[in-house]
Amino acid sequence: MKEVIFIISKAFTLTNKSGFHMRPAQAFVKAMARYSSDIKISFDGREINGKSIISIMAAGIKSESKITVYCNGKDEETMLCEAAALIESGFGEG
C-alpha cells in the first residue's frame, strides 16, 4: 500500500459549544465524502480519518480544541476550503 503524503493543511480552534459531537461530525463526514481526496484531522498527537464518523467521534474533540486538517488529492484545495468553512462557521451552531 502506497503511503499518502499530506501537503496542504490548515490549523483551527473549534469554536462551537459541543466540538465534534454527532451532528457536526456527521455534517463534516457527509461534506468530505463528496471529494476524492484524502483528509485527516490531527488532534492531541493522533491522526484521524476525516471521512470516518466513528473515528471522529472516538477522538473526543471538544470545544476550544486545536486541530489541524490535512488534505491530499486532486481536489484537495476545494476540500480544505469546504472543511474550513464548516469548522469556522461552528457547524452552524453559533
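Modeller: Ground rules before we start: it's a predicted model, so local features need pLDDT of at least 70, side-chain atom pairs count only at pLDDT 80 or more, and totals for chains, interfaces and linings use all residues. Residues are numbered from 1 along each chain as its sequence is written, and side-chain values use heavy atoms, with hydrogens and water left out.

Colleague: How do you know whether the radius of gyration agrees with a compact globule?

Modeller: The radius is taken over C-alpha atoms, and the globule rule is 2.2 Å times the number of residues to the power 0.38. For 94 residues that rule lands near 12 Å, and the protein has 12 Å, so the two agree. The C-alpha trace spans about 35 × 25 × 20 Å along its principal axes.

Colleague: What makes the largest nonpolar core a core, and which residues have the most contacts inside it?

Modeller: A nonpolar core is a set of buried Ala, Val, Leu, Ile, Met, Phe, Trp, Tyr and Cys residues joined through side-chain atoms within 4.5 Å. The largest such set has 26 residues, with Phe20, Phe28, Met32, Ile41, Ile61, Ile67 and Val69 having the most contacts inside it. Elements giving two or more residues are helix H1 (22-32), strand S2 (38-43), helix H2 (53-59), strand S4 (66-72) and helix H3 (76-88). H3 gives the most, with 6 residues.

Colleague: What is Ile61 in contact with, beyond its neighbours within four places in sequence?

Modeller: Contact means heavy atoms within 4.5 Å. By that test the partners of Ile61 are Leu14, Ser18, Gly19, Phe20, Ile41, Phe43, Ile48 and Ile67. For the protein, 72% of the contacts with a separation of 6 or more are between residues 24 or more positions apart.

Colleague: What makes the phi of Asp44 worth a remark?

Modeller: Most residues other than glycine have a negative phi. Asp44 isn't a glycine, yet its phi is positive, about 55°. Asp44 is in the loop between S2 and strand S3 (46-49), and at 64% relative accessible area it's exposed. Gly45 sits in the loop between S2 and S3 too, and 80% relative accessibility makes Gly45 exposed.

Colleague: And what is the phi of Glu64, and where does that residue lie?

Modeller: Glu64 has a positive phi of about 70°, and it's not a glycine either. Its place is the loop between H2 and S4. With 54% relative accessibility, Glu64 counts as exposed.

Note on methods. Buried means under 20% relative accessible area, exposed over 50%, partly exposed in between (1.4 Å probe, protein chains only). Helices (H or I, at least four residues) and strands (E, at least two) are DSSP runs, numbered from the N terminus.
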